[in-house]
Each structure stands twice: as C-alpha cells, then as structure tokens.
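Please open the model in a viewer and keep the selection panel at hand.

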Amino acid sequence: MSKKKKMQFEVQENESIDACLERMKRQGYVPIRRTEKPIFHEVINGKETVYEPIGRQIVFEGVSID
C-alpha cells in the first residue's frame, strides 16, 4: 500500500497542538508548514453587520518520513 507524500492534519476541537503533532508522528509524517485561519461569527445589529472572531483553525502540512 502506497502512502501519500504530503498530507494535512487539522488540530481537532478538543485536541492540543502537541497531541496533533504526536498523531502525525505515529502515522509517519513530519510537519513542514503550519497555517492558521480565523473563524468568524456574523452578528447583525439592526442595519449593521459585524463579524466577531470566535476561534481559529490550525492545520499542519506534513511529508512522509519514508
């Protein structure tokens, strides 16, 4: 069975960054890039729309160790 050369790993909601990195290592990948994206919530106040940050999404890109 052939393994992908690159794969993305998202830090889950109740998972620490260290736990995600350990999961990558167990699957045979090493991180090469980290990206963060803010997550916004739309709040409508009368005629005005405001976007409030409510969290962030962290994704690691990993390459196969093999």
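**Stop 1**

Select K47, which counts as exposed because its relative accessibility is 89%; here buried means under 20% relative accessible area, exposed over 50%, and partly exposed in between (1.4 Å probe, protein chains only). The model is a predicted one, in which local features need pLDDT of at least 70 and side-chain atom pairs count only at pLDDT 80 or more, while totals for chains, interfaces and linings use all residues. Residues are numbered from 1 along each chain as its sequence is written, and side-chain values use heavy atoms, with hydrogens and water left out.

K47 sits in the loop between β2 and β3; strands (E, at least two residues) and helices (H or I, at least four) are DSSP runs numbered from the N terminus.

**Stop 2**

Display β2 (residues 29-45) together with β3, which spans 48-64. How many bridges join β2 to β3? There are 16, and the strands run antiparallel; strands count as paired if DSSP finds at least two bridges between them. Select H41 to find E52 of β3 opposite. For a sense of scale, draw a C-alpha to C-alpha distance from K47 to V63: the residues are 16 apart in sequence and 48 Å apart in space.

**Stop 3: salt bridges**

With a salt bridge defined as a side-chain nitrogen of Lys or Arg within 4 Å of a carboxyl oxygen of Asp or Glu, the count comes to five. Begin with E36 and R56, whose side chains meet in a salt bridge at 3.3 Å, N to O. E36 belongs to β2 and R56 to β3, so this pair ties together parts 20 residues apart in sequence. E36 is partly exposed at 40% relative accessibility, whereas R56 is exposed, with 52% relative accessible area.

Next, select K6, R33 and E61, which are linked in a network of salt bridges. Is E61 buried or exposed? E61 is buried, since its relative accessible area is 12%. R33 forms a salt bridge with E61, the closest N and O atoms lying 3.1 Å apart. That pair links distant parts of the chain, R33 in β2 and E61 in β3, 28 residues apart. R33 counts as partly exposed, at 47% relative accessibility. E61 also forms a salt bridge with K6, with the closest N and O atoms 3.5 Å apart. Here the linked parts are E61 in β3 and K6 in β1, 55 residues apart. K6 is exposed, with a relative accessible area of 52%.

**Stop 4**

Move to E15, in the loop between β1 (6-10) and α1 (17-26). Which residues does the side chain of E15 reach? The side chain reaches the backbone nitrogen of Q12 at 3.0 Å, and makes a polar contact with the side chain of R23 at 3.1 Å. A polar contact is a pair of N or O atoms within 3.5 Å; within protein, one must be able to donate a hydrogen and the other to accept it, and residues adjacent in sequence count only if both atoms are side-chain atoms. Leaving aside neighbours within four places in sequence, E15 is in contact (heavy atoms within 4.5 Å) with E10, C20 and R23.

**Stop 4: the end of β3**

Finish at I65, in the segment after β3. I65 counts as exposed, at 55% relative accessibility.
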